[in-house]
Amino acid sequence: MSNSTNFRFQGIIIALTIILLWLFFLRWFLFWELDQIHPGLILIAIAWQTFLYTGLFITAHDAMHGLVYPNNPKLNHLIGTIALLLYAFFPYKKLLTKHRIHHRHPASALDPDFHNSKNKHFWAWYYHFVKNYCSWQQIGSLILIHTLIQRGLHIPSLNLFLFILVSSLLSSLQLFYFGTFLPHREPNGGYTNPHRSHSTSLPTFWSLITCYHFGYHFEHHEYPQVPWWGLPKVRKSLSSDLI
C-alpha cells in the first residue's frame with residue numbers, strides 16, 4: 001500500500017478509533033461498582049472519558065473541514081454528525097454553518113464563538129458561548145435519552161452523572177479554554193494577524209493531551225485544510241514571528 005493511500009485513510013481511521021474508544025470505555029465505566037473502586041482511579045477514569053469526549057468534538061470539527069474522509073464527503077459528514085450526536089446531541093449542520101462564519105469573521109461581532117464585548121472574562125464568555133450553541137430542545141432530548149438508557153440498562157445514577165454529565169461538561173470547558181478563550185482573546189496591544197488568533201507554546205505531547213493540538217490555533221486558521229494531527233508539523237514549519 002502506498003504512502004498516499006495510507007494518508008487517504010488516516011483521517012477516517014483516527015476518527016473511528018476515537019469513537020470506538022469512547023463507546024468502549026463509556027460502556028465499561030457505566031457499569032463500574034463505584035463503591036469498590038479507588039477514588040483516585042475514578043478520577044483518572046473521568047479525566048480519560050473527558051479526553052475522549054473532547055476527541056469526539058475534534059473529530060466533528062475535522063469533518064466540518066472535510067478532513068475525516070475527503071474522498072467521500074457524505075461519509076465524512078456522516079461521521080461528523082455521529083460524533084456530535086454522541087458528544088451532546090448537537091445538530092451538525094447548524095454547527096457547520098456557525099463554524100464557517102467563525103473562520104470568515106474570527107474574533108469579531110459576527111463570530112458566533114466570540115464574546116459580545118461585555119462578557120470578556122472566562123466564565124461570562126463561556127456562558128455566552130454555551131448559550132449560543134445549546135437549545136432547550138437539545139437539553140430535553142439529552143435528558144430523555146439518558147433517562148431511557150439508565151432505566152433500560154439499569155445503570156447507576158452516579159455512574160451516569162460522573163462519566164456522561166461531568167465528563168462532557170469538563171470537555172466543554174477544555175474545548176472552550178484551549179480552542180476559543182486562549183487563542184482568540186485580545187492580547188495587550190491588539191490582534192497582530194488577520195486570523196485574530198494566537199497559539200499556545202506547549203510542546204507536542206502536552207498540546208495533544210490538553211486539546212488534540214487545538215491550541216495550535218493560528219496554524220489551524222492559517223491552514224484549515226490540515227487535520228488536527230497534522231498541526232504540530234505545520235507549527236514547526238512556520239517561523240515563530242508569525243504566531
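**Close-up views of a predicted model**

**View 1. The largest pocket and its lining.** The largest pocket is lined by 48 residues, and those nearest its centre are Tyr87, Ala88, Phe89, Phe90 and Ser168. The model is predicted, so that local features need pLDDT of at least 70 and side-chain atom pairs count only at pLDDT 80 or more, while totals for chains, interfaces and linings use all residues. Residues are numbered from 1 along each chain as its sequence is written, and side-chain values use heavy atoms, with hydrogens and water left out. A pocket here is an open set of points on a 1 Å grid over the protein atoms alone, where a 1.4 Å probe fits and protein lies on both sides within 12 Å along at least five of seven lines; lining residues have an atom within 4 Å of a point. The space in the largest pocket is about 1100 Å³, a volume being the space filled by probe spheres set on the points, which are joined across faces, edges and corners.

**View 2. Helices and residue classes around the largest pocket.** At least two lining residues come from each of H1, H2, H3 (73-88), H4 (92-104), H5 (122-133), H6 (136-153) and H7 (157-184), where helices are DSSP runs (H or I, at least four residues) numbered from the N terminus. H7 gives the largest share of this lining, 12 residues. By class, the lining has 35 nonpolar, 11 polar and two charged residues, with Ala, Val, Leu, Ile, Met, Phe, Trp, Tyr, Cys and Pro counted as nonpolar, Asp, Glu, Lys and Arg as charged, and the others, Gly among them, as polar.

View 3. The whole structure contains 33 aromatic pairs (ring centres of Phe, Tyr and Trp, the last by its six-membered ring, within 6.5 Å; planes under 30 degrees apart are stacked, over 60 edge-to-face, the rest tilted). Phe25 lies in H1 (residues 3-30) and Trp48 in H2 (residues 39-64), 23 residues apart. Phe25 is buried at 17% relative accessibility, whereas Trp48, at 31%, is partly exposed (buried is under 20% relative accessible area, exposed over 50%, partly exposed in between; 1.4 Å probe, protein chains only).

**View 4. The salt bridge of Glu219 and Arg235.** The structure holds one salt bridge, defined as a side-chain nitrogen of Lys or Arg within 4 Å of a carboxyl oxygen of Asp or Glu. Glu219 and Arg235 meet at 3.0 Å, N to O.
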